[in-house]
Amino acid sequence: MKILSVNAGSSSLKFTMFEMPEEKVIISGTFEKIGLPDSFYTIKYNGEKNRNEVVMKDHTSSVKILLDELINYKVIKSYDEIEGVGHRLVHGGDKYTQSVLITEDVIDTVNKLIPLAPLHNPANLIGVSSFKEVLKDTPMVAVFDTAFHQTMEKEQYLYAVPYEWYTNHGVRKYGFHGTSHRFIASEMSKMFGENTKIISCHIGNGASLCAIKNGKCVDTSMGFTPLAGVVMGSRSGDIDTGLIPYVMSKTKKTFEDVMNDLNKKSGMLALSGISSDLRDVEEGYLSGDARCKTAMDIYSDKIADYISIYNTELQGADYIVFTAGVGENSSVVRKMVIDRFAFLGVKLDEEKNNTRGINGIISTEDSTIKVVVLSTDEEVMIARDTYELINK
């Protein structure tokens, strides 16, 4: 059964086609700068990448190109062979605790949740409508970033603000990267058993940590928006909100300007003065750049802070898992974080930590908490949910 996993942004569209239930990747690609004159797309098939520049006025035109390319590559003979499309939707509020078949009611609800994710939900819905326009009779599934975190208790998700903000306006912690954290929980269960206590560290350009007990989310670092939590590539992470009106008064910037700065001009970009890409900052750190050293120290310290919190909440974690771009690839970051727990007896196996592409335990046999590197795969989680729901 051929299933498409789709992630639509405001001017982009990423897809992966799987053969299910084998979970075999058949073809994948990215459409970029949709609606702009220099739009292009890249297709990856049989280990080869091909880039094509073509004008795509909207997402529907990119979907038509995508589907025609599937025929050109002889992946399908007709659109009818696509038996399901799974869509990443960022925000499901507290309405959705799991993935669901997309109905008009679901679309209406996600539309109502746009104020909670004004940058993401509209783009995600454009992707849904574009595919529905072309594949009218194909079942489609919504996979929510927020769903996995809906098992948090009130003491984890409530803020100490006027209670009517929560009851009337939905102000609470929602958390994000839930599909990735759920994948980690699932894979760790297969590897080490179900009754485990895990601290999942999804560390990429965006980053969040999640405390997981017996496969369910206990707490997570992102909050009402993805701005909260640890320091990220260009996001500040946790700050004193009192600085916002102060900066506005000093710089004459608008609220929107300051929020843009906190989301797009802060984090490692601001601290290092070099880049939001950790690879560049790490290179500066290793070559002795003072600002990059400070940036890396703050970065690893904030990650360690949340690990400490979640270790307490879990009453002792069994595993710390590093995943996503930085977590999977930066031995430097992993060491800087884990070295902060030497006093607890958490120890890395230096050889394993420095082995590129490793997937598994990288701590010593006597480490009090096992440290794991595990590649995440949000696309396959979307495909799994889609396959399961359309076959119920």
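These notebook entries record what I looked up in the structure.

**Entry 1: ground rules**

I worked from a predicted model, in which local features need pLDDT of at least 70 and side-chain atom pairs count only at pLDDT 80 or more, while totals for chains, interfaces and linings use all residues. Residues are numbered from 1 along each chain as its sequence is written, and side-chain values use heavy atoms, with hydrogens and water left out.

**Entry 2**

I began with strands and helices (DSSP runs numbered from the N terminus: E of at least two residues for strands, H or I of at least four for helices). I took two strands as paired if DSSP finds at least two bridges between them.

In what order do the strands of the eight-strand open sheet stand? I read the order as β5-β4-β3-β2-β1-β6-β8-β7, with mixed pairing. At the edges I found β5 (48-53) and β7 (100-101); each has a single partner strand, so one side of each lacks a neighbour in the sheet.

I then followed one pair within it. Strands β2 and β3 run antiparallel and are joined by seven bridges. I noted T30 in β3 as the bridge partner of K14.

Helix α3 (residues 121-134) packs on this sheet, and I listed its contacts (heavy atoms within 4.5 Å) with β1 (2-8), β2, β6 (82-89) and β8 (140-144). Its direction makes about 165° with that of β6; such angles run from 0 to 180 degrees between N-to-C directions, with axes fitted to C-alpha atoms, for helices over the stretch in contact.

The loop between β2 (13-19) and β3 (24-32) holds P21. I found a cis peptide bond between M20 and P21, with omega about 10°. For comparison, most peptide bonds are trans.

**Entry 3: the six-strand sheet**

I next traced an open sheet of six strands, again with mixed pairing, in the order β11-β10-β9-β12-β14-β13. Here β11 (216-220) and β13 (360-361) stand at the edges with a single partner strand each, so one side of each has no neighbour in the sheet.

In which sense do β12 and β14 pair? Strand β12 (residues 319-323) and strand β14 (residues 370-373) pair in the parallel sense, over four bridges. I saw F322 opposite V373 in β14.

Helix α6 (residues 178-192) lies across β9 (197-203), β10 (207-213), β12, β13 and β14, at about 130° to β12.

**Entry 4: nonpolar cores**

I looked for nonpolar cores (sets of buried Ala, Val, Leu, Ile, Met, Phe, Trp, Tyr and Cys residues joined through side-chain atoms within 4.5 Å). I used buried for under 20% relative accessible area, exposed for over 50% and partly exposed for values in between, with a 1.4 Å probe and protein chains only.

The largest core has 41 residues, and I199, L209, Y299, I303, I307 and V337 touch the most other members. Two or more residues each come from β9, β10, α10 (278-286), α11 (290-313), β12, α13 (331-338) and β14. The largest share, nine residues, comes from α11.

**Entry 5: positive phi**

Most residues other than glycine have a negative phi. I noted K252, with phi near 65°, in the loop between α7 (243-251) and α8 (255-264). K252 is exposed, at 69% relative accessible area.

I also noted A324, with a positive phi of about 75°, in helix α12 (residues 324-329). A324 is buried, at 6% relative accessibility.

**Entry 6: salt bridges**

How many salt bridges does a search of the whole structure find? I recorded 18, counting a side-chain nitrogen of Lys or Arg within 4 Å of a carboxyl oxygen of Asp or Glu.

One of them joins K33 and D38 at 2.9 Å, N to O. K33 is partly exposed, at 36%, and so is D38, at 40%.

In helix α6, E187 and K190 are three residues apart, which means they are separated by about one helical turn. Their side chains meet at 3.2 Å, N to O. E187 is buried, at 16%, whereas K190 is exposed, at 57%. I found this pair again in a network of salt bridges that links E23, E187, K190 and R384.
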